[in-house]
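Dear colleague,

The model itself comes first, and my notes on it follow below.

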Amino acid sequence: NQVISCRVWVFNPSLKAVAIEATPSCGCMVAELQYRQIPPLNGFPVEVQVSTWGLPLGYQEKVVGLTVSSEGVSWQEEVIIRLEVVD
């Protein structure tokens with residue numbers, strides 16, 4: 001019954017700005033983006049929180065989907081958070 005917090009970094013290695021949106025895979029997660037756009041050759045941390053309340057014991061894998069777009073082209077990336085719920 002804890003909230004696990006972690007920070008992952010997203011980077012834009014291209015020479016064009018990209019828009020980004022985060023979609024957690026379940027209601028037990030929150031992903032906070034500092035910005036909605038990443039400038040060229042830049043990045044920032046994404047704060048992810050997972051509530052373990054009600055999760056079964058054992059190994060868990062939670063996903064935050066990232067939708068990234070630039071100049072009419074969009075693609076999907078994933079942030080995978082792995083944790084183990086213990087008694």
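**Notes on the model**

Thr52 counts as buried, at 8% relative accessibility, where buried means under 20% relative accessible area, exposed over 50% and partly exposed in between (1.4 Å probe, protein chains only). Thr52 is placed in the loop between S5 and S6, and, leaving aside residues up to four places away in sequence, Thr52 touches Asn1, Gln2, Ile4, Leu83 and Val85, a contact being heavy atoms within 4.5 Å.

Please keep in mind that this is a predicted model, in which local features need pLDDT of at least 70 and side-chain atom pairs count only at pLDDT 80 or more, while totals for chains, interfaces and linings use all residues. Residues are numbered from 1 along each chain as its sequence is written, and side-chain values use heavy atoms, with hydrogens and water left out.

**Overall picture**

The secondary structure comes to 0 helices and 7 strands, and along the sequence the pattern reads β-β-β-β-β-β-β; helices (H or I, at least four residues) and strands (E, at least two) are DSSP runs, numbered from the N terminus. The C-alpha trace spans about 50 × 20 × 15 Å along its principal axes. Of the 87 residues, 34% count as buried, and the accessible surface comes to about 5800 Å², of which 52% belongs to carbon and sulfur atoms; these areas come from the Shrake-Rupley method with a 1.4 Å probe, and for residues only the protein chains shown count as cover. Among contacts between residues at least 6 apart in sequence, 58% join residues at least 24 apart.

As for charge, the mean positions of the 5 positive and 9 negative charges are 5 Å apart. In that count Lys and Arg are positive and Asp and Glu negative, with His and the chain ends not counted, and the place of a charge is taken as NZ of Lys, CZ of Arg, CG of Asp or CD of Glu.

**Salt bridges**

The structure holds 3 salt bridges, each defined as a side-chain nitrogen of Lys or Arg within 4 Å of a carboxyl oxygen of Asp or Glu.

- Glu47 pairs with Arg7, their closest N and O atoms being 2.6 Å apart. Because Glu47 lies in strand S5 (residues 42–51) and Arg7 in strand S1 (residues 3–12), this pair ties together parts that are 40 residues apart in sequence. Glu47 is partly exposed, with a relative accessible area of 25%, whereas Arg7 is exposed at 53%.
- Glu71 and Lys16 meet through their side chains at 3.1 Å, N to O. Glu71 lies in the loop between strand S6 (58–70) and strand S7 (73–85), and Lys16 in the loop between S1 and strand S2 (18–24), so the pair ties together parts that are 55 residues apart in sequence. Lys16 counts as partly exposed at 44% relative accessibility, while Glu71 counts as exposed at 64%.
- Glu61 and Arg82 likewise form a salt bridge between their side chains (3.1 Å, N to O). With Glu61 in strand S6 and Arg82 in strand S7, the pair ties together parts that are 21 residues apart in sequence. Glu61 is partly exposed, with a relative accessible area of 42%, and Arg82 counts as exposed at 53%.

**Aromatic pairs**

A search of the whole structure finds 2 aromatic pairs, taking rings of Phe, Tyr and Trp (its six-membered ring) whose centres lie within 6.5 Å, with planes under 30 degrees apart counted as stacked, over 60 as edge-to-face and the rest as tilted. The rings of Trp9 and Phe11 have centres 6.0 Å apart and planes at 15°, so this pair is stacked. The rings of Tyr35 and Phe44 have centres 5.4 Å apart and planes at 75°, so that pair is edge-to-face. Phe11 is exposed, with a relative accessible area of 61%, whereas Phe44 is buried at 3% relative accessibility.

**Backbone angles to check**

Which value does phi of Leu41 take? The angle is near 55°, a positive value in a residue other than glycine; Leu41 has its place in the loop between strand S4 (37–38) and S5, and counts as exposed at 59% relative accessibility.
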